[in-house]
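Trainee: I am new to this structure and would like to go through it step by step. May I put my questions to you in order?

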Amino acid sequence: MAVAATGTLLKIGDGGGTEVFTTIAEVKDISGPGLTVSTEDTTSHDANGYRTFIPTLKEVGEVTFDINFDNGATQGFASGLYLDAVNRTLRHFQIVIPTTASKTGSFSAYVTGWDMSFPVEGVLTASVTLTVSGSVTWA
């Protein structure tokens, strides 16, 4: 049965000992995280003419999203996502999926992309890219 994505939350950790997560303000569409498994070719002469492979490293990749920019604590130039990009800070994040059996994906990532948009007629926005370092844990 399909589940509406409306209400999904993207949260950022404060880096404290008992970490507190704050919802990133005004997040729009979220893409990712995903999972890619690299392979190594192991084909040999006795493989009956077929290539053979083994899986090697796994990669979660990127989480991308747009925000209505508000220069607040979770987004702004003095704190939040923009400053994390400037400082190359590894931060903990959570994606909270709003289902009847709510799931939370926890991961660490760097802010590796920040692209602002200033339309003549429209809303000030930013497109943000997080590059995940390690795995995503779903609970």
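This is a predicted model: local features need pLDDT of at least 70, side-chain atom pairs count only at pLDDT 80 or more; totals for chains, interfaces and linings use all residues.

Trainee: Which pattern of helices and strands does the protein chain follow along the sequence?

Mentor: The protein chain contains 1 helix and 10 strands. Read along the sequence, these elements give the pattern β-β-β-β-β-β-α-β-β-β-β.

Trainee: Is the protein chain compact or spread out, and what is its radius of gyration?

Mentor: The C-alpha trace spans about 60 × 40 × 35 Å along its principal axes. For 139 residues the globule rule gives 14 Å, and the computed value is well over that, so the protein chain is more spread out than a compact globule. Its radius of gyration is 19 Å.

Trainee: What percentage of the residues in the protein chain is buried?

Mentor: A residue is called buried when its relative accessible area is under 20%. The protein chain exposes about 9,000 Å², of which carbon and sulfur atoms supply 53%. Of the 139 residues, the buried ones make up 28%.

Trainee: Does Thr125 count as buried or exposed?

Mentor: Thr125 is placed in strand E9, which covers residues 125–132. Leaving aside residues up to four places away in sequence, Thr125 touches Ile67, Asn68, Phe69, Asp115, Met116 and Ser117. The relative accessibility of Thr125 is 17%, and the cut-off for buried is under 20%. Thr125 therefore counts as buried.

Trainee: Does Gly134 count as buried or exposed?

Mentor: Gly134 lies in the loop between E9 and strand E10 (137–138). Its relative accessibility is 53%, and a residue over 50% falls in the exposed class. Gly134 therefore counts as exposed.

Trainee: How many Å apart in space are Gly134 and Pro33, C-alpha to C-alpha?

Mentor: In sequence, Gly134 and Pro33 are 101 residues apart. In space, from C-alpha to C-alpha, the distance between Gly134 and Pro33 is 11 Å.

Trainee: Which element gives the most residues to the lining of the largest pocket?

Mentor: The largest pocket holds about 280 Å³ of space. Among its 19 lining residues, those closest to its centre are Ala5, Thr8, Leu9, Lys28 and Ile30. Two or more lining residues come from each of strand E1 (9–13), strand E3 (27–31) and strand E7 (91–97). With 4 residues, the element that gives the most is E3.

Trainee: How many residues in the lining of the largest pocket are nonpolar?

Mentor: By class, the lining has 5 polar and 3 charged residues. The number of nonpolar residues in the lining is 11.

Methods: Residues are numbered from 1 along each chain as its sequence is written. Side-chain values use heavy atoms; hydrogens and water are left out. Buried means under 20% relative accessible area, exposed over 50%, partly exposed in between (1.4 Å probe, protein chains only). Contact means heavy atoms within 4.5 Å. On a 1 Å grid over the protein atoms alone, a cavity is a set of points where a 1.4 Å probe fits but cannot get out, and a pocket is an open set with protein on both sides within 12 Å along at least five of seven lines; lining residues have an atom within 4 Å of a point. Grid points are joined across faces, edges and corners, and a volume is the space filled by probe spheres set on the points. Ala, Val, Leu, Ile, Met, Phe, Trp, Tyr, Cys and Pro count as nonpolar, Asp, Glu, Lys and Arg as charged, and the others, Gly among them, as polar. The radius of gyration is taken over C-alpha atoms; the globule rule is 2.2 Å times the number of residues to the power 0.38. Accessible areas come from the Shrake-Rupley method with a 1.4 Å probe; for residues, only the protein chains shown count as cover.
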